[in-house]
Amino acid sequence: LSQADLPKQPKRVSLSTGEIPAAQRETSDPQPGKPRSQIQLALAVGLACLTFGVLGGMAALQARLGSNLTIVPPDSSSVTTSEGRPASPADPELSPESNPDTLLGHYPYAEAPLRELVPISRDGSVQLRQAAAEKYLAMAAAAEAEGIYLVPLSGFRSQADQEYLFFEIKAQRGQDASKRAEVSAPPGYSEHHTGYAIDIGDADVPAVNLSPDFENTRAFQWLKENAAFYNFELSFPKGNTQGVSYEPWHWRFVGNSDSLETFYKARSAQSSPNP
Ligand SMILES: [Zn+2]
């Protein structure tokens, strides 16, 4: 914070005296209290700067650690489980691990309002929330200009979609819940519910769709270098502390306040993996 950031008292005074009738000036501009209020203002501004500095540092740390660090707010009453009940530390469905809101390493997410979803694939089957959709399409166009063809594989998913992906596939493959959760979020805990997450493929190499080998495609290399310019980031990098498998194909939009808060603010803010 520099001196220049503080309000310039003389300018404010001349402005207000010019606009306020003479009869009212004395009451609206208390001279005796001014020096003290200036100090109070400076203190308040300084405190605000300090607070933002600390929060900013925490956010930066969080980003550096691959979004695995959670800032836990004192109030968790707004968080609900997959069944829509308020979550509490005593909830038997929630993981007993450090964060009581996680389930098998995944964080709870609410479903995006359907009216906010717009199609990003030709057949309309893949949808994202408006802001994310616009940036995804711009990103895909930029990639295409360089001869790289991104394919949207999966965007918004409802809890019902996720029920199938988690439980049916789990049963088909004979996986236990923990094993399934390494590659798929339980219903209510998928980033895809938010309408801000998308699984991306490379049109030239469909064989590696939703596979770790996607990282060897030109599409992934391009995304690694360019996605941040469109406010997309990798949700599950290698070695993420959520214990979720590396998912080079799964990206999330963090380009507005709502999406940023969705993924980073306290407990409702982490992630889940998806196939
Ligand atoms: Zn995904």
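Predicted model: local features only at pLDDT ≥ 70, side-chain atom pairs only at ≥ 80, totals over all residues.
User: Which other non-glycine has a positive phi?

Analyst: N231 is one, with a phi of about 65°. You'll find N231 in the loop between α7 and β5, and at a relative accessible area of 31% N231 is partly exposed.

User: OK, zoom out. How many helices and strands does the protein chain have?

Analyst: Eight helices and six strands. Going from the N terminus, the order is α-α-α-β-β-α-β-α-α-β-α-β-β-α. The chain has 275 residues, and 40% of them are buried. If you take contacts between residues at least 6 apart in sequence, 65% join residues at least 24 apart.

User: Now the metal. What coordinates the zinc ion?

Analyst: Three residues: H192 through NE2, D199 through OD and H250 through ND1, at 2.0 to 2.1 Å. Along the chain, the donors are spaced as H-x6-D-x50-H. D199 sits in strand β4 (residues 197–202) and H250 in strand β6 (residues 250–253), so that pair ties together parts that are 51 residues apart in sequence.

User: Are D199 and H250 buried or exposed?

Analyst: D199 is buried, at a relative accessible area of 0%. H250 is buried too, with a value of 0%.

User: How do β4 and β6 run, and how many bridges join them?

Analyst: They run antiparallel, with three bridges between them.

User: What about the two faces of β6, covered or open?

Analyst: Both are covered. H250 and R252 are on one side, W251 and F253 are on the other, and all of them are buried. As a rule, side chains in a regular strand alternate between the two faces of the sheet.

User: Back to D199. What salt bridge does its side chain make?

Analyst: D199 meets R157, with N to O at 3.6 Å. R157 is in the loop between β3 (150–154) and α5 (159–173), while D199 is in strand β4, so this pair links parts of the chain that are 42 residues apart. Both R157 and D199 are buried.

User: And D202, what's the nearest side chain of opposite charge there?

Analyst: That would be R218, but R218 is 6.6 Å away. The cut-off for a salt bridge is 4 Å, which means that a gap like this is beyond it. D202 is buried and has no salt bridge. Like D199, D202 is placed in strand β4.

User: How many salt bridges turn up in the whole structure?

Analyst: Seven. Among them is R129 with D258, where the closest N and O atoms are 3.0 Å apart. R129 is in strand β2 (residues 127–129) and D258 in helix α8 (residues 257–264), 129 residues apart. R129 is buried at 11% relative accessibility, whereas D258 is partly exposed at 37%.

User: Which one sits within a helix?

Analyst: E182 with K179 does, in helix α6 (residues 177–183). Their closest N and O atoms are 3.4 Å apart. The two are three residues apart, so about one helical turn separates them. E182 is partly exposed at 29%, and K179 is partly exposed at 46%.

Methods:
Residues numbered from 1 in each chain as written. Heavy atoms only, no water. Donors = N, O, S within 2.8 Å, 3.2 Å for Na, K, Ca; no water. Helix = DSSP H or I, 4+ residues; strand = E, 2+ residues; numbered from the N terminus. Buried < 20%, exposed > 50% of the residue type's maximum accessible area, 1.4 Å probe, protein only. Lys, Arg positive; Asp, Glu negative; His and termini not counted. Pairing = 2+ DSSP bridges. Contact = heavy atoms within 4.5 Å.
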